[in-house]
Amino acid sequence: MTFTQPTIDLTAVSPLLALLATAIFLLLLPLFFRSAGRALLAFVAVIGLLISGVCLFRIPVVPISGFDRLLLLDPLAIAVHGALLLAALLTLLISLNRVEDEYLNYGEYFSLLLFSLIGMMIVTSTWNLLVLFLGLELFSIALYTLAGIRKMRADSVEASLKYLLLGAFASGFLLYGMALLYGASGTLQLNEMMLGIEADASTLALIYAGVILLFIGLAFKAALVPFHMWTPDVYEGSATPVSAFMSTATKAAAFIVLIRLLAHSELAIRFPWPQLLIVLAVLTMTVGNLLAIHQKNVKRMLAYSSISHAGYLLVGLTAASSSGDQAVLFYLFVYTAMNIGAFGVLSHMGVSNADERVDFESYRGMGYRSPFAALCLAVFMFSLSGLPPFSGFIGKLYLFSAAVEKGYVALVVIAVLNSVASVYYYMRLVVNLYMRDPAEELSLPRANAGLKAALFIALLLTVLWGIYPSLLTDLLAGISRPLP
Amino acid sequence: MTDFFFSHLLSLLIVVPLLGAAGLFIVPRERIAALRLFTLAATTLNFILSLPLFIHFDNHSGDFQFIEQYDWIPSIGASFHLGVDGISLLMVMLTTLLMPLVILSSWTSIVHRVKEYMIVFLLLETAMIGVFVSLDLLLFYVFWEAMLIPMYFIIGVWGGERRLYAAIKFFLFTMFGGVLMLVGILVLYFMHSQTAGVATFSYSTLNQMIIGRQAQLWLFLAFGLAFAIKVPMVPFHTWLPDAHVEAPTGGSVILAGVLLKMGTYGFLRFCLPLFPHAAARLAPLIGLAAVIGILYGALVSWVQPDLKKLVAYSSVSHLGFVMLGLFSFNVQAQQGAVIQMVNHGLSTGALFLLVGMIYERRHTRQIADFGGLASVMPAFSTLFLIVTLSSIGLPGLNGFIGEFLILLGAFQAKPYLAVPATLGVVLSAVYMLTMYQRVHFGKRTHEENNHLADLTLREKLVLLPLLLFCFWIGLFPGTLLHKTEASVQKILTTMEVKQTTLLDRTERISPAQPAYVVNEE
């Protein structure tokens with residue numbers, strides 16, 4: 001028996017290694033230096049993210065497959081890693097704004113955040129089902145813990161438990177699906193199993209069942225209707241920065257895996273994906289928007305709005321084309337900037353850990369008391385509702401045009417009407433910011449430098465990508481679907 | 001140097017208000033006088049900059065002039081492509097003229113949040129000019145929707161009692177139409193890229209395409225709904241009275257003066273030349289809606305107890321004339337329609353300003369609260385009379401030219417619609433003169449009206465330019481008519497050529513279909 005040593009290319013994993021080193025360092029640092037404060041830890045984490053970003057930038061654009069085909073770095077993976085790093089960076093920065101929580105170990109908090117980021121990066125850069133599952137569990141478990149990190153609050157613990165139970169349930173679906181696929185095809189590589197299958201009825205039935213179960217597991221993570229029930233409760237109970245991270249990064253990871261699953265299963269097996277995706281897209285957009293309208297709590301409103309945005313992303317996925325995938329990636333980037341930005345302003349509103357002040361009424365007259373934060377929030381709301389000249393509009397334009405290109409005009413009509421409906425609840429917040437006088441004179445804590453930086457970055461990106469989208473689209477141009 | 005100036009004039013007009021808005025950010029909010037003067041200077045500068053545009057415009061060409069084109073999103077074929085023809089020229093001039101007057105008119109009426117007020121007005125000007133000079137469909141759409149945001153703030157922050165309701169209603173109505181237009185734009189874009197192989201949002205290129213009948217109808221509806229809501233055509237007009245009544249004076253002037261014109265401009269620029277077959281098919285229906293609008297607007301105006309509401313509903317009536325003119329498909333009527341768009345901007349703008357001035361003094365707009373003002377405020381009443389007459393369409397003033405040309409053209413095209421429309425002229429005299437009489441003549445029944453101050457110099461300065469143009473257009477309509485003639489003629493020719501090509505193809509089945517013809521059933 002000969003043993004060939006697999007070639008190990010460390011460039012491909014350098015971003016992951018940088019993050020891993022930082023995460024472990026962050027975990028150990030408070031053990032040795034008890035005085036290491038939040039600012040220092042955050043500084044270390046930001047440095048780690050930046051190093052990882054630089055490493056990512058140095059990876060050549062040609063697809064790399066390392067570690068005996070366990071790891072794959074194609075343009076799709078590199079692009080989504082960029083979005084994930086952006087999400088983590090913004091989340092870190094807005095985490096600094098919260099009143100320091102004496103029960104919170106910031107070393108653990110930041111390293112958990114980085115571990116979940118590592119998990120998401122692994123998930124998005126592999127064809128191998130086992131690696132996929134490992135990555136998925138890594139980020140999920142980190143997120144379950146993050147959701148409950150404010151351990152003295154009942155709603156936080158409730159959020160964590162809910163997320164854990166439903167997440168474990170979803171993982172079960174996922175694992176079952178993987179088992180079926182492996183059983184039917186004899187391989188763990190997602191890109192190969194569909195091509196090698198024999199077309200007899202029983203194998204095909206196994207593949208169908210496997211693909212559907214896998215899809216359901218991912219739909220849980222991406223919060224698609226009807227698998228969205230956990231979202232509002234978990235977002236509401238978690239600390240605001242954690243909700244921000246979950247709403248953007250988890251969505252990005254799940255959608256990339258969906259793209260990989262769909263792209264390859266579409267080529268090989270005749271499964272009515274377009275019809276299924278259309279139904280899910282319409283449901284997800286509409287249910288998300290309709291439920292968001294009635295919310296009194298801004299955080300819950302953003303939770304439902306994030307569901308509806310998953311629906312818009314599905315519209316791009318329905319197109320099943322290179323331009324559709326690029327549009328999904330573009331939207332993930334702009335959504336990351338504007339949504340974390342919005343959550344950042346929310347975290348600014350909280351005066352203490354006990355009182356987060358997340359009802360609409362708290363925002364009355366904010367535009368005249370903290371003009372910069374209010375301006376940012378207004379811009380993010382306009383961008384989320386898809387109004388030019390902000391990036392949310394260009395994002396939707398790309399998604400919808402990819403669908404129109406394939407002839408799904410009716411779907412796009414439903415999608416744009418949904419955007420109009422969403423204006424109603426986004427504008428309710430803007431109304432409170434600028435058009436109503438404050439109910440009470442309440443002094444806001446001064447915004448911390450981290451939050452200011454995060455808001456500034458998010459605002460800049462939202463405006464720049466809206467006015468001159470080529471800045472971003474040029475980076476995504478390499479993403480393409482294998483031709484059937 | 002001059003070459004450089006003229007080849008960047010349009011983008012300059014867009015950028016100057018934007019820079020002005022950026023400049024205002026630096027001015028401290030306590031320096032109210034500085035904020036006002038700065039904004040006035042910026043808008044006046046923009047008006048002065050737009051004058052060479054008017055003077056150097058070549059009347060004999062119906063093509064776009066002062067063209068500029070830069071890459072914007074090359075990957076999808078969208079570019080920053082600007083240009084004006086005779087029609088958009090007048091709209092740009094109207095915008096740049098109204099803006100400084102609006103700023104001047106808000107000198108005393110806006111005292112809270114002055115900084116924000118000035119910023120949103122400057123942003124609004126950028127968007128409005130952008131709408132009129134864009135030659136790229138995507139760019140046009142961006143400006144079209146972007147305009148919503150400042151207008152939403154103007155109504156919602158500085159508006160009256162029910163401003164929140166009016167603002168959100170305005171927003172939802174307009175955006176509802178807008179997004180369907182976006183779908184239309186995308187369909188048109190892919191139709192072109194899939195048949196001609198070139199992906200572009202360029203208006204001139206897309207305008208060369210001949211579209212099949214069924215597709216034309218759908219696209220016309222997608223675009224037309226957005227424009228019809230903006231005009232507003234009956235039955236999509238319900239947002240208008242709310243928005244007008246609640247908006248501050250400056251907002252109402254811009255809303256009536258410029259924003260409503262975008263609807264009719266859109267019909268003329270996009271719906272007619274791009275989808276001529278659908279336009280011809282729907283013309284009777286739209287003409288009917290226009291006439292209903294004329295009569296309905298006039299009748300509702302007649303019974304309004306509120307001055308501002310009366311003016312708002314009179315807009316529905318006047319814009320009905322414009323629509324009737326546009327859908328008569330001949331040069332007279334369409335030229336009349338363009339002139340009427342300008343007229344309405346001038347006279348309705350002036351009316352809203354006058355109503356604003358009296359509201360500032362009396363804090364009421366109820367007609368019943370006035371009476372006998374002519375003897376207390378002679379200057380106010382005189383100017384009010386001139387504007388009223390201009391709005392009615394008295395010969396010698398601007399309103400007459402527009403309405404006369406529209407009716408002249410409409411009689412040739414659709415006499416059965418022109419006859420009831422003429423009734424609208426009579427009705428407008430009835431409601432406007434009744435209103436004038438009740439406000440300015442008769443006995444003064446209210447104590448408060450006895451000591452009203454007449455117009456100040458500033459207020460006269462606001463109104464004077466508008467009246468000047470009312471007389472000018474009324475006496476020398478040629479100045480404007482020459483500007484628009486070639487452009488209107490060009491649109492009509494485009495429509496005709498496309499119609500014949502489409503008919504030709506259905507009559508004889510030619511083996512070699514031109515590549516540009518798509519989606520023929």
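## A residue to start with: F329(B)

Let us begin with one residue, F329(B), which is partly exposed with a relative accessible area of 24%. For these labels, buried means under 20% relative accessible area, exposed means over 50%, and partly exposed lies in between, using a 1.4 Å probe and protein chains only. F329(B) sits in the loop between α14 and α15 of chain B. Its phi is positive, at about 55°, although it is not a glycine. Most residues other than glycine have a negative phi, and most peptide bonds are trans.

A second residue of this kind is R113(B), with a positive phi of about 50° although it is not a glycine. R113(B) is found in the loop between α4 (86–105) and α5 of chain B, and it is partly exposed, with a relative accessible area of 26%.

## How to read the model

This is a predicted model, in which local features need pLDDT of at least 70 and side-chain atom pairs count only at pLDDT 80 or more, while totals for chains, interfaces and linings use all residues. Residues are numbered from 1 along each chain as its sequence is written, chains are lettered from A and ligands numbered from 1 in the order in which they are written, and side-chain values use heavy atoms, with hydrogens and water left out.

## Chain A as a whole

Chain A has 19 helices and 2 strands. Here helices (H or I, at least four residues) and strands (E, at least two) are DSSP runs, numbered from the N terminus. The radius of gyration of chain A is 22 Å, close to the 23 Å that the globule rule gives for 484 residues, so chain A is as compact as a globular protein of that length. This radius is taken over C-alpha atoms, and the globule rule is 2.2 Å times the number of residues to the power 0.38. Along the principal axes, the C-alpha trace of chain A spans about 75 × 60 × 40 Å.

Of the 484 residues in chain A, 64% are buried. Among the chain A contacts (heavy atoms within 4.5 Å) with a separation of 6 or more, 81% are between residues 24 or more positions apart. Chain A carries 26 positive and 26 negative side chains, and the centres of the two sets lie 5 Å apart. Lys and Arg count as positive and Asp and Glu as negative, while His and the chain ends are not counted; each charge is placed at NZ of Lys, CZ of Arg, CG of Asp or CD of Glu.

## Chain B as a whole

Now for chain B, which has 21 helices and 2 strands. A compact globule with 521 residues would have a radius of gyration near 24 Å, and the 23 Å of chain B agrees. Its C-alpha atoms fill a box of roughly 85 × 55 × 40 Å, taken along the principal axes.

Buried residues make up 66% of the 521 residues in chain B. In chain B, residues 24 or more positions apart account for 81% of the contacts with a separation of 6 or more. The mean positions of its 29 positive and 28 negative charges are 7 Å apart.

## Aromatic rings

Across all chains, a search of the whole structure finds 51 aromatic pairs. Rings of Phe, Tyr and Trp (its six-membered ring) pair if their centres lie within 6.5 Å; planes under 30 degrees apart count as stacked, over 60 as edge-to-face and the rest as tilted. F267(B) and F327(B) have ring centres 5.7 Å apart and planes at 80°, so the pair is edge-to-face. F267(B) lies in helix α12 (residues 249–274) of chain B and F327(B) in the loop between α14 (307–326) and α15 (331–362), so the pair ties together parts that are 60 residues apart in sequence.

Both F267(B) and F327(B) are buried. They belong to one aromatic cluster in chain B, whose members include F64(B), W144(B), Y203(B) and our opening residue, F329(B).

Leaving aside neighbours within four places in sequence, the contacts of T264(B) include V231(B), L319(B) and M341(B). L135(B), in the loop between α5 (114–133) and α6 (137–146) of chain B, counts as buried at 2% relative accessibility. Not counting residues up to four places away in sequence, L135(B) touches F64(B) and Y203(B), among others.

V231(B) is joined to P232(B) by a cis peptide bond, with omega about -10°. The peptide bond from V234(B) to P235(B) is cis too, with omega near 10°. P232(B) is in the loop between α10 (213–230) and α11 (239–246) of chain B, and P235(B) is in the loop between α10 and α11 as well.
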